[in-house]
Amino acid sequence: MATIRDVAKHAGVSPATVSRVVNGLVGYSEDTRRRVEEAVTRLNYETDFMARGLKTRQTSVIGLLAPMVSDALASEVMRGVEEAAREQGYAVMLGRTGLQSVFIDGYLRTLRTYRAAGVILISAVITPEMRQILGPNIPLISVAISDRSGSPSVSIDDERAAYDATRYLLSLGHRRIGLLAGDPASVFVAHPRQRGYERAMAEAGNTSVVAHGTFFYDSGAPGLDELLRQEPDLTAVFAVSDEMAAATVNELQERGRRVPEDVSVLGFDNTSTSQHVHPPLSTVAQPLEEMGRTAVAKLLRARDLTPRIMPHTIIARGSTSPPRNQHH
């Protein structure tokens, strides 16, 4: 089997250059890339992750698992993870697992076999079972979930963010604000956001109105139905994902209600979805791409696995305004 040195010799470059080309890194000319790729094809060279793993007890693979998360959120985190990994010469193995723990376990076993350099979970809690499957040598970190157990994580303070978001709507003059909450099973994302909303509403002397969705677009319309059934005179909806917020905007308009003149809508995450709605969504911004990059850095840099809280911001766009009776 051809080695990296054989490829380097054939292409007339150093093994380090071959490694950079193969891993998609920068720092070589177009001509060099062509020569290396030609040599790789000619010699039928394959980077043998297993052989490399046996030698270094670790391969250049980082696992990225997305169990329960909106597609828009996952793709922003993925972009940050993939860019940071590529810069360091690592490949990313992506697994969309749903909530099926059997799928999550299967991916983790594969990543252990590969002797992965680490595993990043998007919006999922690290369990003792996951650690057991991976073994002691592969670090595990979660992104975009407020796991307060001290587990390795990169997240915003979800409760504080939802509290600030609700305060923003209150500051515009809204009193009848409905919450389109996340999946009740999502203890570390949906629950803190609901707590933040309820705390801000209680402090302002207002009644909470809550319906639950799944974080995904298709749960927006049924969630809005439920909110309006409880409080027909809502002037604002705070949805805890941009996908549910986008669905809410579209559904309100279908019913002949104008956004924001009749009902203001506030999203959460600041994913690309927030810009693909008319009017564009006001939203709570998580620095998702940066969170992905930070997770990679923490895994690879001396395995710094202390929890990291990132800043959130509220971005006001066209979907929120004072309620009509506040316009003067």
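## Terms and model

Contact here means heavy atoms within 4.5 Å. The structure is a predicted model.

## The open sheet

Six strands form an open sheet in the order E2-E1-E3-E4-E5-E11, and their pairing is parallel. Strand E2 (91-96) and strand E11 (308-309) stand at the edges with a single partner strand each, so one side of each has no neighbour in the sheet. Strands of a sheet pair through backbone hydrogen bonds, either parallel or antiparallel.

Within this sheet, strand E1 (residues 61-66) runs parallel to strand E3 (residues 118-122), and four bridges join them. Glycine 63 stands opposite valine 119 in E3. Helix H5 (residues 71-87) lies across E1, E2, E3 and strand E4 (140-143), and runs at about 160° to E2.

## Helix H8

Helix H8 covers residues 158-171, which is 14 residues. From its first C-alpha to its last it reaches 20 Å, close to the 20 Å expected at 1.5 Å a residue. After H8 comes glycine 173, with a positive phi near 110°.

How many of the 14 residues of H8 are buried? Ten are, so the helix is largely enclosed by the rest of the structure; the cut-off for buried is under 20% relative accessible area. Among the buried residues of H8 are Asp158, Asp164 and Thr166, together with Tyr163, Tyr168, Leu169 and Leu170. Ala161, Ala162 and Ala165 are buried as well.

The cover over these buried residues includes helix H9 (190-203) and strand E6 (177-181). It also includes strands E8 (236-239), E9 (264-269), E10 (282-285) and E12 (313-315).

Note on methods: Residues are numbered from 1 along each chain as its sequence is written. This is a predicted model: local features need pLDDT of at least 70, side-chain atom pairs count only at pLDDT 80 or more; totals for chains, interfaces and linings use all residues. Side-chain values use heavy atoms; hydrogens and water are left out. Two strands pair if DSSP finds at least two bridges between them. Helices (H or I, at least four residues) and strands (E, at least two) are DSSP runs, numbered from the N terminus. Axes are lines fitted to C-alpha atoms, for helices over the stretch in contact, and angles run from 0 to 180 degrees between N-to-C directions. The expected span of a helix is 1.5 Å times one less than its number of residues. Buried means under 20% relative accessible area, exposed over 50%, partly exposed in between (1.4 Å probe, protein chains only).
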